[in-house]
Amino acid sequence: MESQTSSPVSDTHDSIPIVDPEHLSDASFRSISEASPLGILIFDIKGQCRYSNPAYQRMAGLGRGYVLGNGWLLGIHSTDVDHIKAQWLKTVSTGQAFSEEFRFGGGNGLGVWAKAIATPIRERDSLIGYLMTVMDIDDRKSAQSVLAATEEVLYEHMERAEVTLNSIGDAVITTNPMGQISYLNPAAERMTGWPEHEAVGLALGQILNIVTPKPSPEQQNKPALASKSSLLVRRDGREIPIHNSTSPIRDRRGNIVGTVIVCRDISETHKMAERMAHLAQHDFLTGLPNRSLLNDRITQAINLAHRQQSPIAVLFIDLDHFKHVNDTLGHAVGDLLLQTVAMRLKSCVRSSDTLCRQGGDEFVVLLAEIEDAEDAAQVAGKMLDGFANPLMVDGHEIELGLSIGISVYPDDGDSADTLVRHADIAMYHAKENGRNNYQFFTTELNTRAVQRHTLKRNLRRAVERREFGLQYQARIDLQTGKLVGAEALLRWHHPEHGLMMPMQFIPIAEESGMIGTIGQWVLREACIQAQAWHQSGLPLLPISVNISPAEFRNKEFLPNLAGILEETALPPHSLELELTESVLLQNAETIAITLHDLKDMGVQLSIDDFGTGYHNLSYLKHFPIDALKIDQSFVHDVNDDTDDATIVRAIVSMADSLKLRTIAEGVETTEHLAFLQALQCSEGQGYFFGRPVDADEFLTILERGETPQGEYPNEGVTFVDDRP
Ligand SMILES: Nc1nc2c(ncn2[C@@H]2O[C@@H]3COP(=O)(O)O[C@H]4[C@@H](O)[C@H](n5cnc6c(=O)[nH]c(N)nc65)O[C@@H]4COP(=O)(O)O[C@H]3[C@H]2O)c(=O)[nH]1
């Protein structure tokens with residue numbers, strides 16, 4: 001069709017005749033129209049189709065017969081038809097051309113996309129219809145929708161990447177192939193101190209200044225522990241530890257178009273690791289190095305000392321009577337005291353020395369820079385001086401002594417373990433030597449320590465193997481000379497060492513916790529024996545038994561004792577418990593309760609070794625005590641030493657005013673006896689009257705009715721007072 005007016009359009013003004021292609025006069029139009037891939041449609045202003053070419057019919061999915069004479073909207077997909085109809089009506093009313101995209105109803109149900117351009121056909125300025133060309137744009141449309149979907153996905157990816165990069169804590173930096181910064185995420189800005197707009201275009205090294213810290217000597221020795229982290233030097237010069245990784249960015253063809261660097265700030269992890277390492281190697285309470293760190297330091301010091309042919313020393317320090325403070329003032333004060341002690345000890349050593357808390361009230365010092373053993377002795381002396389003045393803790397004035405043991409490398413050992421163990425042994429020796437002093441390790445001490453250890457093991461089996469036995473020593477009324485009681489004294493018939501005296505093994509039993517079992521055995525055995533003598537027809541003889549502080553403190557002590565008394569049916573008043581002063585100075589309230597309970601049971605209570613302990617005697621008023629046993633060290637020199645004589649005199653007189661009996665221990669001579677008699681001391685015990693003997697032998701004494709010194713006074717024995 002060349003023009004709107006040319007054939008085959010009819011001459012009629014108001015309508016266009018149906019054009020039959022068979023009768024097309026214009027052969028060229030027909031052949032063009034028939035061959036055209038464009039759909040061609042002519043319709044009048046009412047929308048009635050007047051002509052359609054095969055391409056149109058194909059696109060619309062309608063046969064020619066359906067098209068002609070029907071409204072041109074017939075083939076349009078139901079989804080689009082309303083919209084197109086509205087557009088068409090609008091266009092017709094204005095007589096303008098219109099261009100729309102819509103779908104025909106055919107195809108796979110989704111429709112076939114087409115673009116229609118309708119041009120008005122006019123005749124003498126009147127609109128009589130439209131010539132519409134229709135192009136199949138289905139392929140383009142599907143390509144567009146694929147593109148749109150791809151764009152959507154791309155957008156989502158980008159959005160996700162951006163949000164992620166903005167919100168992660170890791171720094172992400174990208175560069176172009178020349179190594180110039182092209183991007184910094186907010187974390188990278190914070191980490192480097194460079195804002196992105198200033199950094200972009202600068203060389204990577206300018207923004208990301210990374211240095212590798214030198215590994216420590218320990219790390220060099222242990223490659224597995226070498227740090228994989230580096231230090232980032234920020235714009236302000238501050239260094240932060242980081243972990244970083246670098247990867248190339250490639251285009252679709254695999255060419256490198258840049259680099260991405262990811263850095264993680266590991267300051268917190270570092271701090272945490274440092275905290276953990278500190279906790280693992282330090283004492284929680286005092287902050288001092290612990291045993292494990294000390295061992296490392298001693299090992300290092302030994303290696304160095306070995307190369308330099310120089311000595312080192314280890315000091316093992318134990319606080320004297322710390323347990324007493326803990327028991328009387330409570331654990332909170334005990335903890336404060338340990339902290340104060342740590343500070344005071346620290347002030348006695350150099351910063352190059354290592355002071356460690358070994359546990360409990362034990363401290364160890366490594367002196368790595370000494371010339372000889374004398375230097376170690378000086379430090380120990382300084383420590384003892386440092387504790388000469390009392391410590392003020394929580395308003396309490398506390399006097400505390402130190403027992404210090406010293407071992408020296410290389411003479412006393414060549415390993416951390418041995419040096420500490422030997423210093424510990426030496427410390428025990430210091431304790432035995434009266435506390436508050438220092439002692440050097442010797443091989444002789446080591447032999448003793450080994451023996452102690454063996455004894456401890458043997459002790460465990462001694463009860464079941466019936467290796468213990470009791471001896472009895474008479475207690476004499478000094479005025480009448482009558483035998484008024486017996487003290488039960490423990491003996492250990494050791495299978496290898498023979499007869500062992502209590503002082504050789506009681507401390508070990510106390511230390512190893514065996515004293516409870518042994519003490520119970522002694523109590524039961526003594527009660528059984530007293531009953532046995534009585535049942536053999538003799539008068540009931542009061543029997544006294546030594547009770548260790550550790551034994552007395554045990555919650556089971558009281559019920560166990562009650563059980564033994566019941567079991568043996570021994571009248572409680574004929575049992576006397578000998579307690580040491582130190583027992584009474586612990587938790588005063590609890591002790592008072594236990595003592596009153598014991599008194600309520602009916603047993604007698606005496607204080608053993610009286611005069612050797614503490615000078616505050618006020619406890620005597622508060623506790624229900626029956627007797628004081630004057631320590632034999634005072635009695636021994638009572639005739640030669642005026643001090644001892646004064647003390648004994650004072651004790652007897654004080655006991656007298658408190659209405660307590662006095663029992664003098666270690667009475668060996670007539671002079672002792674005479675002195676004590678003159679003082680009106682109630683009772684005496686000692687070799688003068690008889691040594692401790694086995695139960696059978698003691699029975700003969702009881703049966704003969706005489707002490708080894710002679711007969712009872714009513715049968716002629718008299719004690720002479722020859723005091724000047
Ligand atoms: N030099 C001298 N010594 C004399 C004289 N008369 C007695 N002795 C000794 O002095 C000690 C008196 O006992 P202790 O002061 O209670 O001192 C006792 C007591 O504290 C403790 N002990 C003894 N048996 C037991 C027990 O069954 N349990 C507990 N926990 N401790 C016990 O062992 C310490 C020593 O006991 P033993 O070696 O049997 O030593 C006994 C006794 O043999 C004397 O005239 N001169």
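**Hairpin, sheet, helix contacts and ligand shell**

Me: Which residue in the turn of the β4 and β5 hairpin has a positive phi?
Reply: β4 and β5 form a hairpin with 2 residues between them. Strands here are DSSP runs of E with at least two residues, helices are runs of H or I with at least four, and both are numbered from the N terminus. In the turn, the residue with a positive phi, about 40°, is Arg124.

Me: What kind of model is this, and from which number does each chain start?
Reply: This is a predicted model, where local features need pLDDT of at least 70 and side-chain atom pairs count only at pLDDT 80 or more, while totals for chains, interfaces and linings use all residues. Residues are numbered along each chain, as its sequence is written, from 1.

Me: How many bridges join β4 and β5?
Reply: β4 covers residues 112-123, and β5 covers residues 126-136. Two strands count as paired if DSSP finds at least two bridges between them. Arg122 has Leu127 in β5 as its bridge partner. The pairing of β4 with β5 is antiparallel, and its number of bridges is 10.

Me: Which strands lie at the edges of the open sheet of 6 strands?
Reply: This sheet has antiparallel pairing and the order β7-β6-β11-β10-β9-β8. An edge strand pairs on one side only. β8 is joined to β9 (residues 230-233) by 3 bridges, with Ile210 opposite Leu232. The edge strands are β7 (181-184) and β8 (209-211).

Me: Are α18 and α20 roughly parallel or roughly perpendicular?
Reply: The axes of α18 (residues 515-535) and α20 (residues 557-568) come within 10 Å and cross at roughly 25°. Such axes are lines fitted to C-alpha atoms, for helices over the stretch in contact, with angles from 0 to 180 degrees between N-to-C directions. Angles under 35 degrees count as roughly parallel, over 145 as roughly antiparallel, 65 to 115 as roughly perpendicular and the rest as oblique. The two helices are therefore roughly parallel.

Me: At what angle do α16 and α17 pack?
Reply: Here the axes of α16 (residues 443-462) and α17 are 10 Å apart. The contact includes Leu455 of α16 and Phe505 of α17, where contact puts the C-beta atoms, placed from the backbone, within 7 Å. The helices are therefore roughly perpendicular. Their packing angle is about 70°.

Me: Which element gives the largest share of the shell around the ligand?
Reply: The shell has 22 residues, and Leu490, Pro502, Asn546, Gly686 and Tyr687 come nearest. Being near puts a C-beta atom, placed from the backbone, within 6 Å of the molecule or strand. Elements giving two or more residues are β20 (483-494), α17 (502-512), α18 and β24 (604-610). The largest share, 3 residues, comes from α17.

Me: What is the omega of the peptide bond from Tyr409 to Pro410?
Reply: Most residues other than glycine have a negative phi, and most peptide bonds are trans. Pro410 sits in the loop between β17 (401-409) and α15 (416-432). The bond from Tyr409 to Pro410 is cis, with omega near 5°.

Definitions and conventions:
Contact = placed C-beta atoms within 7 Å.
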